[in-house]
Amino acid sequence: MAKKRLRLTVNGRLLDKEIEESIRLLDVLRDEMLLTGSKEGCGIGECGACTVILDGKAVNSCMVLALSADGGVVETVEGLGRRDKLHPIQAAFLDNHALQCGFCTPGMLMSAKALLDENPNPSEAEIKEAISGNLCRCTGYVQIVDAIKDAAGRSRGQRG
Amino acid sequence: MADKIHRIDAVEKVTGQTKFAADLHLPGQLTGRVLRCHQTHARIRSIDTSKACKVPGVVSIMLAGDLPAHTSWSTYPILSGEHVRYQGDAVALIAAESEQAAESALAKIKVEYEQLPSVLSIEEALQENAPVLHEGRTDNRVANSHWPVRQGNVAAGFAQSEVILEREYRTSHIEHAYIEPEAVLVTTDWDDSLIVFGSTQNPFNTRRAVAAAAGYPLSKVRVVQQAVGGSFGGKEESMGLLAGRAAILCLQTGRPVKMLYSREESIIESSKRHPFRLRYKVGAKRDGRIMALQAELVDEGGAYNFQAQFMNWRASVHAAGAYRIPNVKVDVYAVHTNRIFGGAMRGYSSPQIIFAQESLMDELAAELGMEPLALRQVNFLHENDTTITGQVLTAAVNAEKVTLRALELADYVRKRAEYQEQSSEASVERGIGFATSFRGCGLGAEAPDATGAIVSVQSDGSIIVRSSLTDMGQGLQTAHALLAAKELGVSPERIVCKSVDTTAVPEGGMTVASRGTFAGGKPLILAAGQIRETLFRVASRRLDCSPAELAAEDDWIFVIGKPERKLSFDEVVATAFWSGYPLSASGWFQPDPVEWDHAAGQGEAFPSYSYGCVVADVEVNKITGMATVRNLVSVHDVGQVIHLGAAAGQVYGGIAMGMGMALMEEVTFRQGLVSNPNFDKYLVPTAMDIPEVVCEFIESKDNSGAAGAKSLGEAALEAVAAAVANALAAAGFRSRVLPVLSESLLREVNGRR
């Protein structure tokens, strides 16, 4: 299989590497960069556990060939906030008990971030739509929606 | 009720640092893969691995004959050599340097099969001349799965009845759909024992499977539970098989082996909620008093089964619902088929039973011309009533209380009246309905509710808690930390809860039956209590009082009534440690023995019961057939709530899963083979399916659980599908089969035109 050069900025770090054409963005993150926060749940772009932000848009990284993202900027859950300095969305997830097993959480957080980056004041329907590609089997989504609303309020508060 | 306190695993989970089994890597690890038969029922004529062995990167290929010890664990084949009974049966294992090499070798193994007649439904399994699927059996009934209940005299009860109704209900195979597929990494320790890191709900059972496969004693298998990405009863049989296979490959190759299931493999080989055929006959007086109930409840166990034996007992106990019925005859049994096996899934038979039995209550009410609530109020169990298993309920019985509260919160009476006035010309039909349930807490007479825990206070005052039970996302570690903190009078931030390592805690049974807090909290409180006594002894010398005069709160130990005479928890711990006192204690909860009369199904089934009621407000679009739940109210008596946010999370999660069961979820088959093995075709609720939800807890006292807690995880789910079905019926669409898909609703609408 042919290898090609991939240059990718992930959470502010530059990756520059020869990779095989068939490699998915998710594999680069998990296997090459050991950023295992992004998860694989279905492999067909249905569950959203692998959601990352690529050039400002939430994408299923299991459905993106890594080379097609060449030159791109990727944000993963590891770049969202550190444990001593959580991003407002992460803090809101904690305060609203918006997680259980935690497997969908990274993807859910990234979908929420992409939404709030684009629309700081989303309606409940817009929140639900933005995370409708992220399956969660534990929480029934109620506290997740509450957390995203809460995070939106906090971010507005900070700006104001 | 702690609500401000975060889950103790939350920071790791929101920062992506939590390590699930698939996130682990060891140097030199190989990839393990399974070749499945994709047959419903066949003999294996031959297996040719010659071409596969030559694929570069293949390290080992194993067949049933190559296994070091047994080819099966319990009734489940680790590898099949002669006979396959469903599509997921494994016939070969591969260990390879890469995923691609394993994949390519899989495709090059040639297996010849001789097809045998298949059994693909409950009806086919029960036919007189059906092929018998398991050697040594005379028919397809699952061994030990029959549980009867006999109370009073049903013939006499029906003779006294003025209205008799007979109904049959059906439910479907349902997938757990935890978002994390099964994963395991196996390596060897310096003493040649095995170490298994895995996404397992029950590490001690996984250990049993690995020991069977490897021919090792239990002491030489160490299973370490990684964070589990959801389980709901499901990471059990499939995890035992996966871990057993990886262990064999690890021993064979001398290298660490990692095995991950794809979503398709997970759906094909993991257990499903048992589909049931539920036949009920009920007799009542005109005033609503139920005089007799007879039920034949048959579940499809699939190719192999070690759960129906237990699950059907629970089904028998709850078969008549939360009602007082003098004459009862119940028979529950399971059958083998050549489809995927049934297993534990959140609710453990109750969601299926409650769907049928609460639908039946509504149908009986309609037949009697009574309101659904009025019929239930005539028959609800109350304190000092006797259940169908002959148990006199002495603690608070809150079936009626939760129902009235839920109906009030749902504005049921007004909405029901309003919806009955709907114009038949409107494009939607609305309906409101409910279901009430009770649930025996913990294992009850099914198995001993025994379990253990170890609490160790460190010399700096930080604390390690180890339970024999597992957290798989439900928040057990948070609940345990809160219980231990309360017992020791310290802040929960001091506490670290470790996941189960089978070499570090005693085998304390399975984390099932919603007993993680209910039973699992007890040994923890005992162990923490022992340490508190030690600390009080040490503190009493320095405070010049007797230990009985002391209390512990907010990280201080002080004289009761004289809080100024106090020592900090840290100070007392340091003194105790440097004086050689034991600061580690192990606790064990041993339940009282229970007697069960198997032939009559009589006995004290459970020490406590949770009560719940769910009200659903639905709308059916007559143009698309689409059913939408608009509002849902869920009210539960779960004794004392330990953490409100976590408890509410259980209820919300149960609602989503129950709505899936009611309206969307069904594993479908084409000639016995699963035809929807991924989330593009097996649909589960998304955020957009979730209605306006109200959840409320009613607290009650005198419960047998740890800190007064009763079971919640399964109670939160069990009545949801039944409530949605009753709401659809109120809208004019009574379905006796779940799920109620829009196709069938549309057919119903068109049929009326």
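## A helix pair in chain B

In this predicted model, helix α6 of chain B passes helix α7 of chain B in a right-handed crossing. Helix α6(B) covers residues 203-214 and helix α7(B) covers residues 237-253, and their axes come within 8 Å while crossing at roughly 40 degrees.

From α6(B) come Asn205(B), Thr206(B), Ala209(B), Val210(B), Ala212(B), Ala213(B) and Ala214(B), and they meet Met239(B), Gly240(B), Leu241(B), Ala243(B), Gly244(B), Ala247(B), Ile248(B) and Leu251(B) in α7(B). Sorted by class, this contact of α6(B) with α7(B) holds 11 nonpolar and four polar residues, with no charged residues.

## Two domains of chain B

The domain assignment of chain B gives domain 1, made of 11-116 + 177-269, and domain 2, made of 445-589. The C-alpha centres of these two domains of chain B lie 38 Å apart, and the contact between them takes 14 residues from domain 1 and 12 residues from domain 2.

On the side of domain 1 of chain B that touches domain 2 of chain B, the elements that give two or more residues are α6 and β13 of chain B, the latter covering 221-225. The residues on this side of domain 1 divide into five nonpolar, seven polar and two charged.

## The build of chain A

Chain A has five helices and five strands, and from the N terminus on its elements run β-β-α-β-β-β-α-α-α-α. The radius of gyration of chain A is 16 Å, which is close to the 15 Å that the globule rule gives for 160 residues, so chain A is as compact as a globular protein of that length. Along its principal axes, the C-alpha trace of chain A spans about 50 × 35 × 25 Å.

## Where the chains meet

The contact between the two chains takes 43 residues from chain B and 44 residues from chain A. On the side of chain B that touches chain A, the elements that give two or more residues are α1, covering 10-14, and α17, covering 644-663. Helix α17(B) gives the most to this side, with seven residues. By class, the residues on the side of chain B that touches chain A divide into 21 nonpolar, 15 polar and seven charged.

Terms used. Residues are numbered from 1 along each chain as its sequence is written. Chains are lettered from A and ligands numbered from 1 in the order in which they are written. This is a predicted model: local features need pLDDT of at least 70, side-chain atom pairs count only at pLDDT 80 or more; totals for chains, interfaces and linings use all residues. Axes are lines fitted to C-alpha atoms, for helices over the stretch in contact, and angles run from 0 to 180 degrees between N-to-C directions. Helices (H or I, at least four residues) and strands (E, at least two) are DSSP runs, numbered from the N terminus. A crossing is left-handed if the near helix is turned anticlockwise from the far one by less than a right angle, and right-handed if clockwise. Two residues are in contact if their C-beta atoms, placed from the backbone, lie within 7 Å. Ala, Val, Leu, Ile, Met, Phe, Trp, Tyr, Cys and Pro count as nonpolar, Asp, Glu, Lys and Arg as charged, and the others, Gly among them, as polar. Domain bounds come from an automatic or database domain assignment. The radius of gyration is taken over C-alpha atoms; the globule rule is 2.2 Å times the number of residues to the power 0.38.
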